[in-house]
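Please look through the structure below with this short briefing beside you, which takes its topics one at a time. The notes begin with charged pairs and then move on to a helix and a sheet.

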Amino acid sequence: MAAEMRVTVSQLLKGIDRYNPENLKVLEHYVHLQVNQLKVKTLICLIYFFSRYQFNPAYSQTSVISQILLKALMNLPNADFIMCRCVIDDAIQQDLTIKKVILLAERLETCAFTSAWQFIKEEASLVDGVTGFHDAIRNYITYVIGVTYQTIEESLASELLGGLQGAQLQDWIKAKGWMSSDDGTIYVTNQEAHIKSKNIAEKIDFASEFCNIC
């Protein structure tokens with residue numbers, strides 16, 4: 001199914017047919033397939049998708065836009081969400097659902113993790129159906145902890161990771177290469193040894209990128 005959709009979308013993005021607003025339905029279906037998949041890759045190619053909405057505002061679907069934004073949040077700390085938001089019309093950003101996603105993003109981007117988890121709990125329907133969302137956010141928080149702490153109390157780590165406790169917390173600690181001591185201290189892997197500067201040059205082919213999301 002996914003392979004067939006990739007071929008279909010690839011064909012739609014070639015030539016003059018890419019500007020046909022009637023093809024948005026196919027692209028929207030492809031987005032729904034992506035949301036239901038666990039694997040996450042860069043969403044920069046979906047800027048193209050948003051641009052089609054800009055040129056055809058009557059076809060805009062806020063439910064699809066919110067799903068793309070939530071999927072982009074799963075790629076934090078990468079800038080996918082910011083790039084997607086920049087090409088969304090201001091009027092669309094005033095939609096209640098879109099405003100909720102933006103509010104959640106702001107809490108995550110400012111590392112207000114406890115507040116973010118509380119928001120996710122209160123607005124559970126917002127992320128329903130977005131496969132792997134909670135663990136993707138935990139991976140981002142784990143990254144932040146890793147570059148911030150050398151040691152952290154289990155109680156604080158549990159709070160920041162959305163309430164993981166007991167065996168779940170210990171499994172997460174082990175999976176991330178951390179070590180837990182009997183006194184409740186978690187020893188976080190020293191990230192300084194892994195930080196290397198490098199120059200990044202990126203060439204984006206929107207058609208090929210779109211079809212490689214999954």
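In this predicted model, the side chains of E106 and R85 meet in a salt bridge, with a distance of 4.0 Å from N to O. The pair links distant parts of the chain, since E106 lies in helix 6 (residues 96-109) and R85 lies in helix 5 (residues 80-86), 21 residues apart. Side chains of opposite charge can pair when their charged atoms come close.

**Salt bridges**

- The count of salt bridges in the model comes to three, and the pair of E106 and R85 is one of them.
- E106 counts as partly exposed, at 38% relative accessibility, and R85 is likewise classed as partly exposed, with a value of 30%.
- A salt bridge also joins the side chains of K100 and E123, where the distance from N to O is 3.0 Å.
- This pair, too, links distant parts of the chain, because K100 sits in helix 6 while E123 sits in the loop between helix 7 (113-122) and helix 8 (124-127), 23 residues apart.
- K100 has a relative accessible area of 24%, so this residue is partly exposed.
- R138 and D135 form a salt bridge through their side chains at 3.2 Å, again from N to O, and both residues lie in helix 9 (residues 133-148), three residues apart, which is about one turn of the helix.
- Within this pair, R138 is buried, with a relative accessible area of 11%, whereas D135 counts as partly exposed at 39% relative accessibility.

**Helix 6 and its surroundings**

- Helix 6 has 14 residues, and the distance from its first C-alpha to its last is 20 Å, close to the 20 Å expected at 1.5 Å a residue.
- Which residues of helix 6 are buried? They are I98, V101, I102, L104, A105 and L108, and because they cover an arc of only 160° around the axis, they lie on the same side of helix 6.
- The buried residues of helix 6 are covered by parts of the model that include helix 4 (62-73), helix 5, helix 7, helix 8 and helix 9.
- S66 is found in helix 4, and this residue counts as buried because its relative accessibility is 8%, below the cut-off of 20%.
- Leaving aside residues up to four places away in sequence, S66 touches T97, I98 and V101, and of these I98 and V101 are among the buried residues of helix 6.
- At the start of helix 6, a side-chain oxygen of D95 reaches to within 3.0 Å of the backbone nitrogen of T97.
- Just after helix 6, C111 takes a positive phi of about 65°.

- Three strands form an open sheet in the order 1-3-2, and their pairing is antiparallel.
- Strand 1 (151-153) and strand 2 (179-180) stand at the edges, each with a single partner strand, so one side of each is left without a neighbour in the sheet.
- Strand 1 and strand 3 (residues 185-187) run antiparallel and are joined by three bridges.
- The bridge partner of E153 in strand 3 is T185.
- As a general point, strands of a sheet pair through backbone hydrogen bonds, either parallel or antiparallel.

Conventions:
Residues are numbered from 1 along each chain as its sequence is written. This is a predicted model: local features need pLDDT of at least 70, side-chain atom pairs count only at pLDDT 80 or more; totals for chains, interfaces and linings use all residues. Side-chain values use heavy atoms; hydrogens and water are left out. Helices (H or I, at least four residues) and strands (E, at least two) are DSSP runs, numbered from the N terminus. Buried means under 20% relative accessible area, exposed over 50%, partly exposed in between (1.4 Å probe, protein chains only). Two strands pair if DSSP finds at least two bridges between them. The expected span of a helix is 1.5 Å times one less than its number of residues. The arc is that of the directions from the helix axis to the C-beta atoms. Contact means heavy atoms within 4.5 Å. A polar contact is a pair of N or O atoms within 3.5 Å; within protein, one must be able to donate a hydrogen and the other to accept it, and residues adjacent in sequence count only if both atoms are side-chain atoms.
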